[in-house]
Amino acid sequence: MLNEDKPSDDYSAVLQRLRKIYHSSIKPLEQSYKYNELRQHEITDGEITSKPMVLFLGPWSVGKSTMINYLLGLENTRYQLYTGAEPTTSEFTVLMHGPKLKTIEGIVMAADSARSFSPLEKFGQNFLEKLIGIEVPHKLLERVTFVDTPGIIENRKQQERGYPFNDVCQWFIDRADLIFVVFDPTKLDVGLELEMLFRQLKGRESQIRIILNKADNLATQMLMRVYGALFWSLAPLINVTEPPRVYVSSFWPQEYKPDTHQELFLQEEISLLEDLNQVIENRLENKIAFIRQHAIRVRIHALLVDRYLQTYKDKMTFFSDGELVFKDIVEDPDKFYIFKTILAKTNVSKFDLPNREAYKDFFGINPISSFKLLSQQCSYMGGCFLEKIERAITQELPGLLGSLGLGKNPGALNCDKTGCSETPKNRYRKH
């Protein structure tokens, strides 16, 4: 659909509404209970309004950069990504839309708060020197952002890169809408680094797509063997019942080699583009679902901190040593039924509860005395923090999501007009 003259859809009204819900209903509780220090995931305005991100991962020289050049038609231009048989990509390269071809240094990208990359500053100046942005006036990039990553080299320690490579990968994985893990027939071995990468992808299986690239280099029989060997290598790493989608083709501009399954490769290429288009079409739904998921985690964290604080206040007496009392609670929260109380008294799933060990570190940095009880987090004008985030989770965000499906103008969804706190009427019941 890129050859259509119509401009890309304007979603600014929906995104502004989403941004307002986040700032008014979610962020106050997030800041009050220092959620960012537990998860190290701060949501910026740039992240809320950013385009879908497609991430390319995999071993060195499997065709990741060539594939991006092919999708964007950058071959034989001065801005094509450098490719070769040896390890070529040493930077994290972000391809974005811009009015003209332009290269942006990583230090500039991180300094620009309007972009969604400012949190990357925490990985240090060495990493920012390995981050580069390229603006290209391409219609596909009006709807999506591509990220090319350095290839995984199994015989080199990642510490030698000079920055925390796995942590940076995790940052991009957490924000990616689609993750292409690319292999070629000569690089099917799985070492420690690739194993670590798949560990980081755990929980994101629905976004993963496996690509067996350079498939036209093989005869039919050999291709079947390689396909089987790829699954055999990856099976221990992907612990889900349903395997991820695998695309088998050669993603570059040259003609497929004769006497190969050209029709199959072409169909696989079309399927991959349809998959990519689906992610772009579902952009808003994914963004709203992401913010709602974040809100649920913030709410659970606030309830747990409140429970720790309430237990601490209950156990304290006039003669107690506050430090020893709280140390006892943090060391063995099960003795005080902290997590079980949350499950019993709130509609929280046990599968959503954070790791108990994480709270030892969290309270080691943040003394319990620096927090207030949830019941004290209320004001006459602003209302209660917990009520606001619960309303966002149960009414405002689902309402915004429902308005997309009904084709309404989500920008008109305003609590002043609709009364978000009211129980929605059943449209299908006769009155």
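How do α11 and α12 lie to each other, parallel or oblique? I noted first that this is a predicted model.

**Helix pair**

I took α11 as residues 283-315 and α12 as residues 322-331. Their axes come within 10 Å. The crossing angle is roughly 135°. Angles over 145 degrees would count as roughly antiparallel. α11 and α12 are therefore oblique to each other. I also looked up the hand: the crossing of α11 and α12 is right-handed.

Which residues of α11 meet α12? I found Y308, T311, Y312 and K315 on the α11 side. They meet G322, V325, F326, I329 and V330 in α12. I sorted the residues of this contact by type: 6 are nonpolar, 2 polar and 1 charged.

**Sheet**

Next I traced the strands. I found an open sheet of 8 strands with mixed pairing. The order reads β3-β4-β2-β5-β1-β6-β7-β8. Which strands stand at the edges? They are β3 (102-105) and β8 (245-248). Each has a single partner strand, so one side of each lacks a neighbour in the sheet.

β2 (residues 92-97) and β5 (residues 145-148) pair in the antiparallel sense. I recorded 3 bridges for this pair. What is the bridge partner of L95 in β5? It is F146.

**Helices on the sheet**

Which strands does α9 lie across? I listed β6 (178-183), β7 (208-212) and β8 for this helix, residues 220-234. α9 runs at about 145° to β7. Helix α10 (residues 262-281) also packs on the sheet. I found α10 touching β1 (53-57), β5, β6, β7 and β8. The direction of α10 makes about 135° with that of β8.

**Backbone**

I went on to phi. Most residues other than glycine have a negative phi. S61 is not a glycine, yet its phi is positive, at about 55°. Where does S61 lie? I placed S61 in the loop between β1 and α4 (64-72). Is S61 buried or exposed? The relative accessible area of S61 is 15%, and the cut-off for buried is under 20%. S61 is therefore buried.

I placed Y337 in the loop between α12 and α13 (338-345).

How values were computed: Residues numbered from 1 in each chain as written. Predicted model: local features only at pLDDT ≥ 70, side-chain atom pairs only at ≥ 80, totals over all residues. Heavy atoms only, no water. Axes fitted to C-alpha atoms, helices over the stretch in contact; angles between N-to-C directions. Helix = DSSP H or I, 4+ residues; strand = E, 2+ residues; numbered from the N terminus. Parallel < 35°, antiparallel > 145°, perpendicular 65-115°, else oblique. Left-handed = near helix turned anticlockwise from the far one by under 90°. Contact = heavy atoms within 4.5 Å. Nonpolar A, V, L, I, M, F, W, Y, C, P; charged D, E, K, R; others polar. Pairing = 2+ DSSP bridges. Buried < 20%, exposed > 50% of the residue type's maximum accessible area, 1.4 Å probe, protein only.
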